[in-house]
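Hi,

Here is the structure I promised to pass on to you. Have a look at it first, and then read my notes below.

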Amino acid sequence: MDQPNLIDYRLLVDNLTTAILLVDSNLNIFYLNSACETLFDISLLRASGTPVLNILHIPTDEFKTEEALNNTLNSGQPYTRREATINVNFKDIHVDYTVSQLNAGRPYHPLLLIELNPIDRMLKISREENFIQQHQVARQLIRGVAHEIKNPLGGIRGATQLLARSLDNPEYKEFTDIIISEVDRLRTLADSMLGSRQLPSYELVNIHEPLERVRSLIANQTKKKIKITRDYDLSLPEILADRDQLIQVMLNICANAVQAMTENKEFFVYHQPELILRTRIQRLFTINGVIHRSVIRIDIEDNGPGVPEDILESVFYPLVTSRAKGTGLGLSIAQNIIHQHNGMIACQSVPEKTVFSLYLPWESNHVAK
Ligand SMILES: Nc1ncnc2c1ncn2[C@@H]1O[C@H](COP(=O)(O)OP(=O)(O)OP(=O)(O)O)[C@@H](O)[C@H]1O
Ligand SMILES: [Mg+2]
């Protein structure tokens, strides 16, 4: 076994789930670990050498951050700030952070070690867990209702056919035909409410393959009226997944985007409808309480009018729809399939930018439960 002193500590620091920042005596960023890169959505290369105050201090804050940092630098006295707002990439993030002096063998040029704990992320995680549980309860309820609707339909259909045969007046056939076609419509609806009865069959899939299938389907369907942009990270690892189910998920989400863009033509007076398909690796991501070192992220983005505000929070629930002809099942089925793959779908939406992100774990050795 390796001796502890042979461990590459940089590797250790980069695998921590706590965001760590090192700052030099001029209060410029010297180093940030992977968790910090993920939190700030910024690379070490871009961040290093920039003033840390740009991030840690916002003008509305009364706390004298510069003074406090210099004080720790000179005195070695650590301090902790709770529920501080910091600003990264024009985004506010709420964090608890601790600043301490790091005398890394350079007594005249000590560094500052800043450990950050995002509070938003904690809130987000507990909200996600809540959401997943609620979603499962809603799915079960829907399946129960669908079952009850479906049960008598076979009987109604059979009896109507018998009735149709015994009716002499052909005028009445019109009515029995209506009953049969409505029964068939209800059965199709109940079937999609029940979801797929087939068990997923997992195989190694390069997610670009189903994604490309969906892209060409959509391109054919929309006859080039919608610009489709691909932004793929082709180095992504393969994942164990049900390929056909992934296609169904991607298709449901792309279909929604296309519908939002084609059914709201008045929105596109000044710009061209565009669908962006993006794939990335996302480091340190929590899904249902499990922290994954890295997951695959697939973004399906459109520049349509956005998800109506009143349904944004409940958009993944079954039967939530804003479209007259929609059943409101597309996203609920998609979320269900991705849950079965131990992943999740998230949605962010403002006018001109709606992003549905699929997160799929690809490694079995997650960090912690
Ligand atoms: N890209 C998008 N832009 C704007 N709104 C969206 C987008 N994606 C989904 N929505 C909204 O979310 C609702 C629910 O979507 P979902 O796919 O679950 O059901 P649906 O499309 O209405 O019906 P179905 O897919 O069952 O035919 C839609 O009715 C729409 O209002
Ligand atoms: Mg849909």
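Three elements, α9 (243-262), α10 (330-340) and β12 (353-361), each supply at least two residues of the lining of the second largest pocket. Helices (H or I, at least four residues) and strands (E, at least two) are DSSP runs, numbered from the N terminus.

Before you go on, a word on the ground rules. This is a predicted model, where local features need pLDDT of at least 70, side-chain atom pairs count only at pLDDT 80 or more, and totals for chains, interfaces and linings use all residues. Residues are numbered from 1 along each chain as its sequence is written, chains are lettered from A and ligands numbered from 1 in the order in which they are written, and side-chain values use heavy atoms, with hydrogens and water left out.

Back to the pocket: about 670 Å³ of space lies in it. Its lining has 31 residues, and the closest to its centre are Asn256, Gln259, Thr321, Arg323 and Leu331. (On a 1 Å grid over the protein atoms alone, a pocket is an open set of points with protein on both sides within 12 Å along at least five of seven lines, a cavity is a set where a 1.4 Å probe fits but cannot get out, and lining residues have an atom within 4 Å of a point. A volume is the space filled by probe spheres set on the points, which are joined across faces, edges and corners.) With eight residues, α9 gives the most to this lining.

So what sits in there? Ligand 1 does (more than half of its atoms lie within 2 Å of the pocket's grid points). The ligand is surrounded by 21 residues, the closest being Asp302, Thr321, Ser322, Arg323 and Thr327 (a heavy atom within 4 Å counts as near). Here too α9 gives the most, with three residues.

Now zoom in on the oxygen atoms of ligand 1. A polar side-chain atom of Thr327 lies 2.4 Å from one, while backbone N or O atoms come 2.9 Å from one at Leu331 and 3.2 Å from one at Gly330. Taken alone, ligand 1 exposes 600 Å², and the protein buries 90% of that (Shrake-Rupley method, 1.4 Å probe).

One last thing: there are two cavities of 30 Å³ or more. The second largest cavity holds about 30 Å³ of space, and its lining is Asp14, Asn15, Leu16, Arg283, Leu284 and Arg293.

Cheers

How values were computed. Polar contact = N/O pair within 3.5 Å; in protein donor to acceptor, adjacent residues only side chain to side chain.
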